[in-house]
Amino acid sequence: MNQLFNLIGVSVTRPAEAAAELLSLRITREAAMMILALSVIITVIVSFVMNGSTTVELVPGVAFTPLTTVGFLGLSAIVMGYGIYFTGNAMSGQGDLAGAFLVVAWLQVLQLAGVILQSAVFLVSPTLGGFLGLGIGIGLIWVLLVFIDVLQGFGSIGRSALLLLFVVVGIGLGLTLILGLLGFGQ
C-alpha cells in the first residue's frame, strides 16, 4: 500500500519517472483491463458515497445510477485506451494496448486521489476547494500528456498533446453522433 502512495506522489512530482515505472511492469492486456475496470468501479463508489447521492447527471437531463455511471465511465475509459493506442500507432508511436489501458487506469487512480483531497479541502474552504479542483484538473492533463509521451516513445509533449486532441475530438464526435441517433438533445 505504501508503494501505491509513493507512486501517486511520484506521478505528481516526476510523471515521466512514474510512467516508466508503471509501464515497466509489462502486465498483460487482460490484467490492464481488469485494473481499469476496478479503478472505474472504485472511483464511482467513492464519488457517490462522498456526494451522498443516488444519481448523477453525466448527460444533461439524464440521471445515471451508480451502475449506469460505471458502465458509461468504463466504456469511455476503454474507448480512451483504444484511442491512445490506435492514434499513437498512426503517429508512429511504439505503445502497446496493455500500456494504454494501464495509463488510463492510473489516471483514474490519480483522479480518485484528487477527488478525495479536494473534498477534504472543500470542508475547510469551499473557495479553496474549487481552486484546488481546477489545479487538479490541469495537473491530470499534464500527467496524462507525460504518460502518453513515455508510452508512445515520442520524446515530445507536443506530439502527445496532438494525440490527445485527436482522441478527445474523435470521442466527442462519436458520442455526439451516438447520442443524436438515440434522440438526446432534440
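Is Glu17 buried, partly exposed or exposed? I looked it up: Glu17 counts as partly exposed, because its relative accessibility is 40%. I am working from a predicted model here.

Next I checked its partner. Glu17 and Arg14 join their side chains in a salt bridge, 2.9 Å from N to O. Arg14 is partly exposed as well, at 41%.

I then searched the whole structure and found 3 salt bridges. Another one pairs Arg26 with Asp96, with 3.9 Å between the closest N and O atoms. I liked this pair: it links distant parts of the chain, 70 residues apart. Arg26 sits in the loop between helix 2 and helix 3, and Asp96 in the loop between helix 4 and helix 5. Arg26 is exposed at 66%, while Asp96 is partly exposed at 33%.

I also noted Arg29 with Glu30, a salt bridge at 3.7 Å, N to O.

Then I turned to Asp149, in helix 6. I found Asp149 buried but without a salt bridge; Arg159, the nearest side chain of opposite charge, is 7.5 Å away. Beyond its sequence neighbours within four places, its contacts include Phe154, Ser156 and Ser160.

Ser156 caps its N-terminal end, with a side-chain oxygen 3.3 Å from the backbone nitrogen of Gly158. Ser160 is one of the buried residues of helix 7, with Leu163, Leu164 and Val167. These buried residues pack against helix 4 and helix 6. Past helix 7 I came to Gly183, whose phi is positive, near 95 degrees.

Methods:
Residues are numbered from 1 along each chain as its sequence is written. This is a predicted model: local features need pLDDT of at least 70, side-chain atom pairs count only at pLDDT 80 or more; totals for chains, interfaces and linings use all residues. Side-chain values use heavy atoms; hydrogens and water are left out. Helices (H or I, at least four residues) and strands (E, at least two) are DSSP runs, numbered from the N terminus. Buried means under 20% relative accessible area, exposed over 50%, partly exposed in between (1.4 Å probe, protein chains only). Lys and Arg count as positive and Asp and Glu as negative; His and the chain ends are not counted. A salt bridge is a side-chain nitrogen of Lys or Arg within 4 Å of a carboxyl oxygen of Asp or Glu. Contact means heavy atoms within 4.5 Å. A polar contact is a pair of N or O atoms within 3.5 Å; within protein, one must be able to donate a hydrogen and the other to accept it, and residues adjacent in sequence count only if both atoms are side-chain atoms.
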